[in-house]
Amino acid sequence: MQPEQHSDIIKHMAKLTDNIQVPMARASILWLIGEYCEHVPKIAPDVLRKMAKTFTNEEDIVKLQIINLAAKLYLTNSKQTKLLTQYVLNLAKYDQNYDIRDRARFIRQLIVPTDKSGALSKYAKKLFLALKPAPILESPFKDRDHFQLGSLSHLLNAKAGGYQVLPDWPEAAPDPSVRNVEVKESVPEWTKCSSREKRKEKKADKPFYSDSEGESGPTESADSVSDTASGSESGSGSEESGSGSESEESNEESESASEEEEKKKKKKNVEKIKARKPVPESESEQSSGEDEKKR
């Protein structure tokens, strides 16, 4: 971040301290202002003044950042913030949290010059306002490549108990016959036959031609074969439509229909046989023959 170019952002963040109530967010804003307090010399002392008023009501993490802000402003702009810094350090001296009390005592001996102050007080500005390198972001999955994917060790990024390391790739290819595994397919044994199979067995028992058609003899020609074929197709269509339903009523209707069709076939065959017999000449033909003889 370049504070010289982003001073407007720091000013805007300083204004948000009045509205933001989340402790972590307030502490982050105070750290940002204290880190770049030299670039906002008019805003940083005013922010410290507001924070000194609400010091006793702030969370511990916010109190620590207020103390750090006071120390940095004391080192950069001691004329405006000397009294404010002493006021904040006195409040922190009697705080309930011992971390805040220790921090206040340490900073007082470090930034406020006294006869008992040691050699570190000379380097206080370098300690608080030192240049900090930019953070380096690393992926949390960086060191997980050597663990097996999906294992507990891969999830925890640490070797768990019982974890077995994956073996290295073999230099020579293994025998491919090792991978050939015989799989036995289990065929289910059905104890109950379906209704459709039962109907097929009944149809197989019945002869394709009836007895009357067999007695009619070889006089029947290709016409009777075509008729029987068309009748069988219609009968098979009705039987297939009836096979879809499993109720007894549909079975009875299909049987009655097949009987009626067989009767019709028999009648047609009888009519064809009668039609093939010689028919005597009619009387009109005889009379026409007599007239011709007279002429």
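Read along the sequence, the chain runs α-α-α-α-α-α-α-α-α-α-α-α-α. This is a predicted model, and its protein chain has 13 helices and zero strands. Of the 295 residues in the chain, 23% are buried.

**Overall chain**
- The protein chain exposes about 23,600 Å², and carbon and sulfur atoms supply 53% of that area.
- Among contacts in the chain with a separation of 6 or more, 60% are between residues 24 or more positions apart.

**Helix 5 and its cover**
- Helix 5 spans residues 78-93, and within this helix Thr81, Thr85, Val88, Leu89 and Ala92 are buried.
- The cover over the buried residues of helix 5 includes helix 3 (44-53), helix 4 (60-76) and helix 6 (98-111).

**Charged patches on the surface**
- A patch of positive charge on the surface gathers Lys263, Lys264, Lys266, Lys267 and Lys268.
- Lys267, one of these lysines, belongs to helix 12, which covers residues 248-276.
- Lys267 has a relative accessible area of 58%, and because exposed means over 50%, Lys267 counts as exposed.
- Glu255, Glu259, Glu260 and Glu262 form a negative surface patch.
- Glu255, one of the residues in the negative patch, is likewise found in helix 12.

Terms used:
Residues are numbered from 1 along each chain as its sequence is written. This is a predicted model: local features need pLDDT of at least 70, side-chain atom pairs count only at pLDDT 80 or more; totals for chains, interfaces and linings use all residues. Side-chain values use heavy atoms; hydrogens and water are left out. Patches are made of residues with over 30% relative accessible area and no salt bridge: like charges are joined within 9 Å, nonpolar side chains (Val, Leu, Ile, Met, Phe, Trp, Tyr) within 5 Å. Accessible areas come from the Shrake-Rupley method with a 1.4 Å probe; for residues, only the protein chains shown count as cover. A salt bridge is a side-chain nitrogen of Lys or Arg within 4 Å of a carboxyl oxygen of Asp or Glu. Lys and Arg count as positive and Asp and Glu as negative; His and the chain ends are not counted. The place of a charge is taken as NZ of Lys, CZ of Arg, CG of Asp or CD of Glu. Helices (H or I, at least four residues) and strands (E, at least two) are DSSP runs, numbered from the N terminus. Buried means under 20% relative accessible area, exposed over 50%, partly exposed in between (1.4 Å probe, protein chains only). Contact means heavy atoms within 4.5 Å.
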